[in-house]
Amino acid sequence: MDEKKHLGQKELNERVKHARLCTGCGACVNLCPYQRAYEDKVLAIFPCDLDVGRCYAFCPRTPVDLEALRGLLFDPQDLTPEVGAVKGFYVTRSRNTKERSRAQHGGTVTALMSLALKEGIIDTAVMADRGGTFLPEAVTENDSRKVAMHGKSSFVVSPNVAEFNRLAKGSSEKIGAVATPCQALAYAKMRMKPIPERDNNIDKLKLVVGLFCGWALSWERLMDLLAAKTELAAITGLDIPPSRYQAMHIYTTNGTIEVPIDEVNRCIRGACHYCFDMTAEFSDISVGSARLSEGWEEARGWNQVIVRTDLGLELVELARKKRRLEFREVPEGNLQRLKAASLNKKGMALKNLKLRTHSQDDLIYLNKEDPAFKNLIKGG
Amino acid sequence: MSNLLDTNEGAHYLYMGNDAIVRGALEGGVSVAAGYPGTPSSEIIEQLARISDRRSLYVEWATNEKIATEIAAAASFAGLRSICTMKQNGVHVASDFLLHLTGTGVRGGMVVVVCEDPGALSSQNEADARYFAKMLEVPLLEPGDFQEAKDMMKWALELSEELKTFVIFRSVTRMSHASGNVVIGELPENEPRAYFQYKGPLLDFLTGPMVTGPGVVAYARTVQQGRLKRAVSLFEQSRFNIYAGPERPELLIITSSACYLYSKEAIHTLNLGDRVGLLKLGTTWPLPEGLVRKHLAAAQKVLVVEEPQDFMEENIKILAADAAGEVGVKTFYGKKSGHVPTSGELNPDIIMNTLKGILGIQYEPVPQEYATKAFQSMFKSPGRELTFCPGCPHRASFLSLHNALALDNRDGFVCGDVGCYGIGVLPAGFSTVKTNFSMGSGLGLATGFGKLTKFGMNQPVVAVCGDSTFFHAVMPALVDAVHHQSDVTLVVLDNSGTAMTGFQPHPGLAVDAMGETAPSIDIEAVCRAIGADVASSDPFDVERTEKTLLGMLKKKGAKVVILRQICALSPEKRGKKKYQMSVREDVCIGENCGCNRMCTRILRCPGIYWDTARKVSRIDEVICAGCGVCASVCPSGAIQKAEVA
């Protein structure tokens, strides 16, 4: 690791972009005229010769002291090495059937963002919209009734943090963001105010709702895959059931097409293989798909929710009180299964990082002494 | 301008070389003139166009040099005297027609005026068009001063009509753009009638059809070579071939054109008038063989001074070899011997150095100490690179092009073309231009690149051209691109005029060279008719332009994006600001993270400068053209624009 803690665009390009570690989160975009997002890529369109830049400091793939971030955001008692802070674990869905039908799964994120807007916890929501060609766009929503318009996933990253950066310069005062794990990490790094005099108005960020994420797909490769399977216009949704089916489901107007997971794996964004975080550990609330004993057809209508902060708990309880979310009993062993899956991702990330550096000690952006990784490394 | 029509015969005027050529053409009874703009030739057509109504002339800015030559030839076929004008590379465009024109010859006097640019001061090349005279077997005339420019032009028209072949009249920058004393002659009062006779027999080029073809080429060439032989005998007596110096000079200089003036000055400055003889030739092809032989016989050492290539040197050596028995063996100095530079423009200092070397004389044009100091001070002056003017639409266009290609992220590039936008190769154009050749070659090359997908090439290809260039030579390339489904994007940088050469009108405008209203050709409609996918944008709308370009880069096939915004220097716009620009010092974040001087480090418009003391950007009120582009790229909103009422 470099002597100097923070570096600039040159190093960001060398060590993240050209090293193919860029997740496309958008944290370096809209801070200056030089870093831009296009499709699912982030590009440096002009060189910047500053030694120290926020682009490098905010990037979720530059070296980071995760313990310091956890100290800033969470109650130490809630911390687990597998999935980060856990204040509560639930299985929920939106009580609004329309909202659910427009959502990827149970509509929990939609319900929570909509409620946060309605209750004035936030005045603006930053979320991803699937867009017309499966290329998600970062969108801003101020109307709680319209949040449901942006509920579907296409498994491609959208540079949502870039949209936050743009928004934070404007008149919004209380911003809530839906975030992938890498985006949640970027927000957490911003909250540390690594360059105090240029803090990016991060105090306007009031709420982060994280999304579980195994990986994201490269848009170009996904488009090639989908185009080979069906008419793009016929596709109504995509999903990967968390089961042993091991397939991507393409929902079309003519029924469901199953794509073997091996074909999907070839579309994974390279950078995702180095990600340690499956459950968006640096969020207030994290939401993902559920597993239920009734099987996938039932489970896909629900979400699993990790509440991590006081604010997160407050919002989830408000959603219960206001009858925005429906709760059901968490099946026995679900949190353990989630922890195991999360640990598995951490283990893979560490293994891949070590393969990259040919070293047991150099984890590029991670610290091998971090409590979340210590045991994994010892374990080989 | 008015003195070009002065009828006061014998009056003296200070004429620029191109004005002298105009006056000579008028005295020679020219009726039709056509040209394509190109430095240093452009003023000839401009001046003739201005006085066209008072002399009953037809003058046009043709779509390209070949057409200009055809316009002039048609007038000649109908019995009128005509000229066509172009710069050196224009002859290459016109040469196909000229080659065929030697097959028939001409009727009315017709002169091809070529103004060359040795040293490429305003060119991308340093072509020597004199070789065309030898290649095409036509006479070549080169004036040696301003009076000759006038007199020789008149004679060229007469000579052409007498020999029935077109004549090449060659000038250079220091002849066309310098000024000198000219005594004017008589302006003829003629009202020629145009009529094309074609009822005579085939191969009678005075009354029959003007055609050549298989079977008659040998005959036609014999006729043309006969004309050239007549030219030699006329040239032996020409008053434009002059000698000054001793009867048996130690060194004979043979020269022509502006080099005559340089040589004369060098001989004078070095006080070599009694040692060096100076033979100035005005008729440089075919050579006046007898005259040259006579002077060769009188000197042992011969120096040929010319630019840019060794056209005369070679021809004189051939002549000397043929006449060796008569004139003896000579020692030649020139480009071949290394005594005269083989590229670039010459000047009196260079010739003085050449003479010093050959004659072994001591002379320092300036004291050594001064020369050293002058050389050192070159490095102390602030570096200024070639850039676009403040408010130039090309800066904005190239910014959007750069950004679109960068975001597209497939190593796309721009094929440049001939115009100010060639600067796109430099940081002023964000270094987007990667090829730049002749007029229209941008799209031709891009069309070729666009067909290489078959071989795995996935780089998006963009060609840029100006509005005048579009008509000149881009249209055929667009037809090729559309017909062959090349994956290419043509960006027409339409700034409403032939800006680089001084706003000459072109077919896209509603006015012709003579100021008459003319139907304008709609570039967009032409592109659509050819079958291209067409979009247009105002380049000053940076966001929209970038989006339009990005969309086009994604599409297959031949696309055209027209970026329309009038040149900042155009007569309509000049001095008028759309916006009053200002910088809010309290908002400018300058060198900090978040900007790092976007406006002065990347955009680099000369209208903005970096105040090193206060660490903020500032508008240079004097040169800012008020286009507002800097305000749209400023990331912090510090640059503000206020509409000027």
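Val30(B) touches Ala25(B), Leu57(B), Arg81(B), Ser82(B), Ile83(B) and Leu157(B), leaving aside residues up to four places away in sequence, where contact means heavy atoms within 4.5 Å. This is a predicted model, in which local features need pLDDT of at least 70 and side-chain atom pairs count only at pLDDT 80 or more, while totals for chains, interfaces and linings use all residues. Residues are numbered from 1 along each chain as its sequence is written, chains are lettered from A and ligands numbered from 1 in the order in which they are written, and side-chain values use heavy atoms, with hydrogens and water left out.

Val30(B) lies in the loop between helix H1 (17–27) and strand E2 (32–35) of chain B; helices (H or I, at least four residues) and strands (E, at least two) are DSSP runs, numbered from the N terminus. Val30(B) is buried, with a relative accessible area of 6%, buried being under 20% relative accessible area (1.4 Å probe, protein chains only).

Turning to the interface, chain B and chain A bury about 1800 Å² between them, 61% of it on carbon and sulfur atoms; buried area is the accessible area (1.4 Å probe) that two parts lose on being put together, summed over both. Leu407(B), Cys593(B) and Arg601(B) supply 33% of the area that chain B buries against chain A, more than any other three residues.

| Chain | Residues in the contact |
|---|---|
| chain B | 24 residues |
| chain A | 20 residues |

Two salt bridges are counted between chain B and chain A, each a side-chain nitrogen of Lys or Arg within 4 Å of a carboxyl oxygen of Asp or Glu. Among them, the side chains of Glu39(A) and Lys554(B) meet at 2.9 Å, N to O.

Terms used. Buried < 20%, exposed > 50% of the residue type's maximum accessible area, 1.4 Å probe, protein only.
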